[in-house]
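Here are some friendly notes to read alongside the structure. Take the points in order and look up each residue as you go.

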Amino acid sequence: SRWEPALLLLSPPAFSTSCARCAADGRLRRKRAVSERRLTRYFVDQRKVRVVGGQGGGGGHSFYSEPRKVFGGPDGGNGGDGGHVILKADQQMKSLSSVFPFYQGFHGERGGSRNCYGANGAHMYVKVPVGTLVKEDGKVVADLTQHGEEYIAAYGGAGGKGNRFFLSNENRAPKLFTPGEPGQERVLHLELKTTAHAGLVGFPNAGKSSLLRAISRAKPAVAAYPFTTLNPHVGIVHYQDYEQVAVADIPGLIKGAHQNHGLGMAFLKHIERCRFLLYVVDLSVPQPWIQLQELKCELEAYEKGLSERPCVVVGNKIDLAQSRINLPLLREQIAERVIALSALTGDNLEELLLHLRELYDTYVKTEQSRGQSPVKW
C-alpha cells in the first residue's frame with residue numbers, strides 16, 4: 001500500500017551501527033557505482049573564484065556619562081578591520097574540486113562605548129594544492145609552490161573611526177563617526193601547474209580509460225563510442241616501497257586539436273602539466289605508427305618541445321589477431337620503446353608498471369639535481 005514506504009522508514013534498523021561486529025555485517029549497503037557526471041567533479045585542475053574581503057566594522061558613537069561627571073566627552077571606539085581571504089597551499093590537497101566559486105571574508109565588529117575597539121574579523125583560509133597558479137585578467141599574480149605558502153587573495157576593509165577619534169580643542173563634543181570600508185573584491189582564476197606525473201595521450205577509443213582502470217583504482221567511464229572521457233581522471237599507482245605515481249587519463253585528441261578542433265586546446269594544457277607521457281596506440285588499426293606521428297605533431301604545434309618529453313609507446317589491444325601482425329611493423333617504424341599489452345585482459349601490465357617506475361625515478365633524480373623538490377602524491 002501507499003503507507004509501506006513510510007513504515008519502512010520508521011522501523012528500527014536490523015543491526016547496530018555503533019557495534020564493531022555489526023558494522024562489518026554484510027547486510028550494510030554497498031556503495032553505488034559513481035556515474036560519469038559525478039566522476040567529473042572528483043578532479044578539477046582549474047577554477048574561477050570570486051573573493052571578497054570582510055567589511056570593516058563601523059566606528060562607535062557615544063559620550064561618557066556617570067554621576068558627578070555628566071559631560072565626560074566622547075568615548076566611541078574604532079571598528080575592527082575586516083578579515084582577509086587567504087589562499088594557502090596544502091600538500092594534502094590534490095585537486096581544486098573542494099574550492100567553492102565564492103568566498104566572503106568575516107566582517108569586523110562595530111566599535112563600542114568606553115573607548116572599546118571592535119574585534120577584527122577572522123581571516124578565511126582556502127586550501128589549494130601545491131603548485132597552484134593564481135591568475136587575474138590573464139596575468140599570474142601568485143605561484144604557490146611550497147607547502148604552507150600563503151597569498152592574500154582579498155584584503156579586508158579597514159574599520160571605521162569612532163567619535164573619540166575626532167576629538168580636538170576646537171571640537172570637544174564631536175558627533176562625527178565613519179562607517180567601515182568594504183573589503184577588496186577580485187575575480188581570480190586558479191590553475192594547477194601539475195596534473196599528474198604521467199599522462200595517457202592518444203586518440204579517442206585507444207583504450208586509455210581501460211588502461212587506467214587496469215593499473216589503478218580509478219573508475220573512468222568506458223564505452224564503445226568516441227569522447228567517452230570528457231574530463232581528466234587521475235589514478236594512483238601504488239608500489240611496494242610506498243611510492244605513488246599519479247597517472248592522468250587525458251581526453252582523446254584528434255587531428256587539429258591545437259586549432260581548437262574536437263575538445264579543443266583546454267585538454268592540451270593537461271598534457272603540458274605532465275612530467276612524462278604514455279602514448280597509447282591502438283594496434284588493431286592499419287598503420288598504427290601514423291597515430292603516433294599525428295599525436296606528436298599536435299603536441300609540437302601546441303608547444304614546441306612538448307613531444308620531446310620522456311615517453312614510452314603503449315601498444316594496446318594486443319589480444320586481437322590484427323594487433324599481433326601490426327606490432328613488429330610498428331617497432332620497425334619508430335625508435336621509441338614499445339610496450340605491447342592488453343588493458344582488457346591484463347596481459348603484460350607488469351612491464352608497463354616497471355617502466356613507469358623507471359620514468360618516475362628519473363624524474364625525481366632530475367628534480368633533486370636541480371635543487372627542486374619533486375611533486376609527491
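1. Let's begin with Asn-348, which counts as partly exposed at 30% relative accessibility. Please keep in mind that this is a predicted model. Asn-348 sits in the loop that runs between strand 14 (338-340) and helix 8 (349-369). Its backbone deserves a look too: phi of Asn-348 is near 65°, a positive value in a residue other than glycine.

2. A second residue to look up is Gln-287, which has a positive phi of about 50° although it is not a glycine. You will find Gln-287 in the loop between strand 12 (276-282) and helix 6 (289-302).

3. Five strands form an open sheet in the order 3-1-8-5-6, and their pairing is mixed. At its edges are strand 3 (102-104) and strand 6 (139-144), each of which pairs on one side only. On average, neighbouring strands here are turned by 30° against each other, with direction ignored.

4. Strand 5 (residues 132-136) and strand 8 (residues 185-192) run antiparallel and are joined by 4 bridges.

5. Arg-186 and Glu-136 meet in a salt bridge, with 2.6 Å from N to O. Arg-186 belongs to strand 8 and Glu-136 to strand 5, so this pair ties together parts that are 50 residues apart in sequence. How accessible are the two partners? Arg-186 counts as buried at 10% relative accessibility, whereas Glu-136, at 23%, counts as partly exposed.

6. The structure holds 10 salt bridges, and another one to inspect joins the side chains of Arg-357 and Asp-241, again given as 2.6 Å from N to O. Which parts of the chain does this pair tie together? Arg-357 lies in helix 8, while Asp-241 lies in the loop between strand 10 (233-238) and strand 11 (244-249), so the pair links parts that are 116 residues apart in sequence. Arg-357 is buried, with a relative accessible area of 15%. Asp-241, in contrast, is partly exposed, with a relative accessible area of 44%.

7. One further salt bridge brings together the side chains of Glu-336 and Lys-296, at 2.2 Å from N to O. This pair links distant parts of the chain, 40 residues apart: Glu-336 is in the loop between helix 7 (321-333) and strand 14, and Lys-296 is in helix 6. Glu-336 counts as partly exposed, at 26% relative accessibility.

8. Which residues do salt bridges with shared partners join into one network? They are Asp-241, Arg-357 and Asp-361.

Notes. Residues numbered from 1 in each chain as written. Predicted model: local features only at pLDDT ≥ 70, side-chain atom pairs only at ≥ 80, totals over all residues. Heavy atoms only, no water. Helix = DSSP H or I, 4+ residues; strand = E, 2+ residues; numbered from the N terminus. Buried < 20%, exposed > 50% of the residue type's maximum accessible area, 1.4 Å probe, protein only. Pairing = 2+ DSSP bridges. Axes fitted to C-alpha atoms, helices over the stretch in contact; angles between N-to-C directions. Salt bridge = Lys/Arg side-chain N within 4 Å of Asp/Glu carboxyl O.
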